[in-house]
Amino acid sequence: MKNHILLFWLFLQTILFSNCTKEEFVILPLRTVIVYMIADNNLDYFSVKDLNEMEVGWNYSFNGNLIVYIDRAEGANPAHPVVYKIYNDTTDSICSSIVDVYKEQNSTDTNIMRTVLSNIISNYPAQSYGLVLWSHGTGWYPKGTKVQYTENSANRMKTPKPLTKSFGIDMSDELNINDLKESLPVHFDFILFDACYMGSIEVLYELREKADYIISSPTEVLSYGYPYDLIVPYFFENSTNYRGIATEFINSYINLEGVFQTASVSVTKTAGLVELAEIVNKIMQDTLNLQYVSSNKIQQFELTKNGYFFDFGNFISESTTLSQNKEKLEIALGNTILFKASTSKIFDELQVKKYSGLSVFLPDSTNKEYYDFYKQLDWFKDSSSNIYFNKYSFDKLF
């Protein structure tokens, strides 16, 4: 009888141990990278090009998944949003599997974007996640802002200006940056903006708790975007190779000529953004050494007459007369911007002489229409920007 009890006890232990072992050895893939492509606009052609590049760049040895949600323009096949699981292919056709289908929807809607991302994460769980945001957008500026330099520039340039990407235009609707923050359901290992003007301190600071690293551009991004056939392998290294991604991007444009030699990129470590805000806060509160800065003296990042994006380091450094403040700013920037590079000119017209890797809003009498929106942003609240606004923007809005 005792022997039977002993055997039964050993049998139970074997089952329990086996179940425990199975649970412990369920190893998730290293990384799922999601590409959220809003191409229901004039970038539709380039979305197919980039999908093909992703297929070329994919390798079955990668420890993870590359999943693409794409919402294409009317008349495309398919025009309604679908989700691809990227497979390797070197033809001009899209051969990856469609793993999910959505009815026609507004991909810039906060709830829709959050649902799509959550579904992908649920279906392709991993140890970490990366996110590529691909579309039009205008930095931190609210939807409806027309910051792109288009017809006037093309008419007077020797070579017509190529199409650019600026995040989130689905037909006529857009996504504000504070809404984008609410659309992201998890903390990502990295966010890459394949879009214009998203390398602004306001955008990056708003998203500081949503990713460890952000790869972005403070200038326009040509419609050809990132060379995905070259950068996809960097996504799936044990530690994502941010420098490699940024280097491949800038090199693909440095080697071009004329207006096509147009690019900028920076890799931001979001943990450093808090320190950067603290330094700027001190500079702004040091009112004895705070001085007015004319936009004419600061590096501008786009070709419009009334600038929207200015070099962050250039502006903040010029706003203080105290050398100690300038030195602390440089140290904080060095701890935050891990890599930065730019072509010498933008569209063969605008010379890039100062480049800190970030842009910033510079208030003056010509852009007061954006103040009400700007004061809602975390950067405005945490950097004491209101002090400069109140002192030098010609009225007391704050």
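A residue counts as buried when its relative accessible area is under 20%. The structure described here is a predicted model.

Tyrosine 197 has a relative accessible area of 0%, so it is buried. Phenylalanine 309 is likewise buried, with a relative accessible area of 0%.

In this model the count of aromatic pairs comes to 38. A pair of aromatic rings is described by the distance of the centres and the angle of the planes. The rings of tryptophan 58 and phenylalanine 62 form an edge-to-face pair, with 5.2 Å from centre to centre and 85° between the planes. Both tryptophan 58 and phenylalanine 62 are buried. The ring centres of tyrosine 197 and phenylalanine 309 are 4.5 Å apart and their planes lie at 5°, so this pair is stacked. Tyrosine 197 sits in the loop between strand 9 (188–194) and helix 6 (201–206), while phenylalanine 309 sits in the loop between helix 9 and strand 13 (310–311), so the pair ties together parts that are 112 residues apart in sequence.

Tyr197 and Phe309 also belong to one aromatic cluster, whose members include Trp140, Tyr141, Tyr308, Phe361 and Phe389.

| Helices | Residues | Angle | Axes |
|---|---|---|---|
| Helix 9 and helix 11 | 273–285 and 323–336 | about 165° | 9 Å apart |
| Helix 7 and helix 8 | 228–235 and 242–254 | roughly 175° | within 9 Å |

Angles over 145 degrees count as roughly antiparallel. Helix 9 and helix 11 are therefore roughly antiparallel to each other. Helix 9 passes helix 11 in a left-handed crossing. On the side of helix 9, the contact is made by Leu273, Glu275, Leu276, Ile279 and Ile283. Helix 11 contributes Asn325, Lys328, Leu329, Ala332, Leu333, Asn335 and Thr336. Sorted by class, the contact of helix 9 with helix 11 has 7 nonpolar, 3 polar and 2 charged residues.

Helix 7 and helix 8 are roughly antiparallel to each other as well, because of their crossing angle. Leu230, Ile231, Tyr234 and Phe235 of helix 7 make the contact with Gly244, Ile245 and Glu248 of helix 8. By class, this contact of helix 7 with helix 8 has 5 nonpolar, 1 polar and 1 charged residues.

Note on methods
Residues are numbered from 1 along each chain as its sequence is written. This is a predicted model: local features need pLDDT of at least 70, side-chain atom pairs count only at pLDDT 80 or more; totals for chains, interfaces and linings use all residues. Side-chain values use heavy atoms; hydrogens and water are left out. Axes are lines fitted to C-alpha atoms, for helices over the stretch in contact, and angles run from 0 to 180 degrees between N-to-C directions. Helices (H or I, at least four residues) and strands (E, at least two) are DSSP runs, numbered from the N terminus. Angles under 35 degrees count as roughly parallel, over 145 as roughly antiparallel, 65 to 115 as roughly perpendicular and the rest as oblique. A crossing is left-handed if the near helix is turned anticlockwise from the far one by less than a right angle, and right-handed if clockwise. Contact means heavy atoms within 4.5 Å. Ala, Val, Leu, Ile, Met, Phe, Trp, Tyr, Cys and Pro count as nonpolar, Asp, Glu, Lys and Arg as charged, and the others, Gly among them, as polar. Rings of Phe, Tyr and Trp (its six-membered ring) pair if their centres lie within 6.5 Å; planes under 30 degrees apart count as stacked, over 60 as edge-to-face and the rest as tilted. Buried means under 20% relative accessible area, exposed over 50%, partly exposed in between (1.4 Å probe, protein chains only).
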